[in-house]
Amino acid sequence: MSDDTGTPTASTSTASGPGQDTPGPRPEEIRFFGTTWADHTGHYGLRRAGVGIGALVLAVAGCFVLRFAYQGLALADVGSFVNVLLVAAFAICSALGFSRTWGGFSERPDPEKQASLRGFLAIGFVGVLVAYALRCLTEAPGEKLRRREYETAREQYERRTKRRTGNPARKKSGGKQRKA
C-alpha cells in the first residue's frame, strides 16, 4: 500500500483497481492477484482456483520428489536411523512451513524471524504449498489481512481529510460573533 499521503508507489501506479482515480491509500498487491482482490474483478475466481490447483499439483509433485529421494537413500543402504531422521526432518519442516504460512495470512510475520526460518520453510515447501491451496478455497492468500489494513487506512485518510464546515470561531462562542 502506498504511504499515508496517498501517493502511489511505482508498483501500483500503473495497476488498475479500486480507488485508482481517488486520492488516498491504494490496496496492496498480492502475488498472482494484483489488486483484483479488493473488488474481485479481473477473473478473480479463476485466479483463485488456478493458484489453489497449482499449489496442490506442486505439493503432490514435491511429495513424489521426496519419495524418490527417500528411495535413493534406501538403495544406498545408509541405515534406518538416517531414513527415520530424513522423514522426521521433512515432516517437522513441512508442519512448521504450514503453520508459519497459515499464520502469515492473518498477521504480518516478523521479517527477522521469517528470514531466520527461510531454510526450514524451503525444506518444508510441501506444507507451504498445502497452506496456499487450502487458503485459496476461501480467499486469496492474505486477502483478509490486506483488506483489514486497507479499510483501516481508508478510514484514517477519510478522517484526516474531512473538511470542517463553517467558521470554527463561531462554534467556540456558541454561535455568536465576537465584537472587537
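**Cores, a helix and a pocket**

Q: Which residues does phenylalanine 33 touch, leaving out residues up to four places away in sequence?
A: Keep in mind that this is a predicted model. Setting aside residues up to four places away in sequence, phenylalanine 33 touches Tyr44, Arg47, Arg48, Val51, Ala140 and Pro141.

Q: Which residues make up the largest nonpolar core?
A: Phe33 belongs to this core, and so do Tyr44, Val51 and Ala140. There's also a second, separate core of five residues, including Ala55, Ala59, Val126 and Ala133. Back to the largest one, with nine residues in all: Ile30, Phe33, Trp37, Ala38, Tyr44, Val51, Cys136, Ala140 and Tyr150.

Q: Which helices do the buried residues of H1 pack against?
A: H1 covers residues 44–76 and reaches 48 Å from its first C-alpha to its last, close to the 48 Å expected. Its buried residues are Tyr44, Arg48, Val51, Gly52, Ala55, Ala59 and Gly62. They pack against helix H5 (125–135) and helix H6 (143–161).

Q: What volume does the largest pocket have?
A: For this pocket, the value comes out at about 630 Å³. Of the 23 residues lining it, the closest to its centre are Arg31, Thr101, Phe105, Tyr132 and Pro141. By type, the lining divides into 14 nonpolar, five polar and four charged residues.

Q: Which helix gives the largest share of the lining of the largest pocket?
A: H1, helix H2 (80–104), H5 and H6 each supply at least two lining residues. The largest share is four residues, and it comes from H1.

Conventions: Residues numbered from 1 in each chain as written. Predicted model: local features only at pLDDT ≥ 70, side-chain atom pairs only at ≥ 80, totals over all residues. Heavy atoms only, no water. Expected span 1.5 Å × (residues − 1). Buried < 20%, exposed > 50% of the residue type's maximum accessible area, 1.4 Å probe, protein only. Contact = heavy atoms within 4.5 Å. 1 Å grid on protein atoms, 1.4 Å probe; cavity = no way out; pocket = protein on both sides within 12 Å on 5 of 7 lines; lining within 4 Å. Points joined across faces, edges and corners; volume = space filled by probe spheres on them. Nonpolar A, V, L, I, M, F, W, Y, C, P; charged D, E, K, R; others polar. Core = buried A, V, L, I, M, F, W, Y, C linked by side-chain atoms within 4.5 Å.
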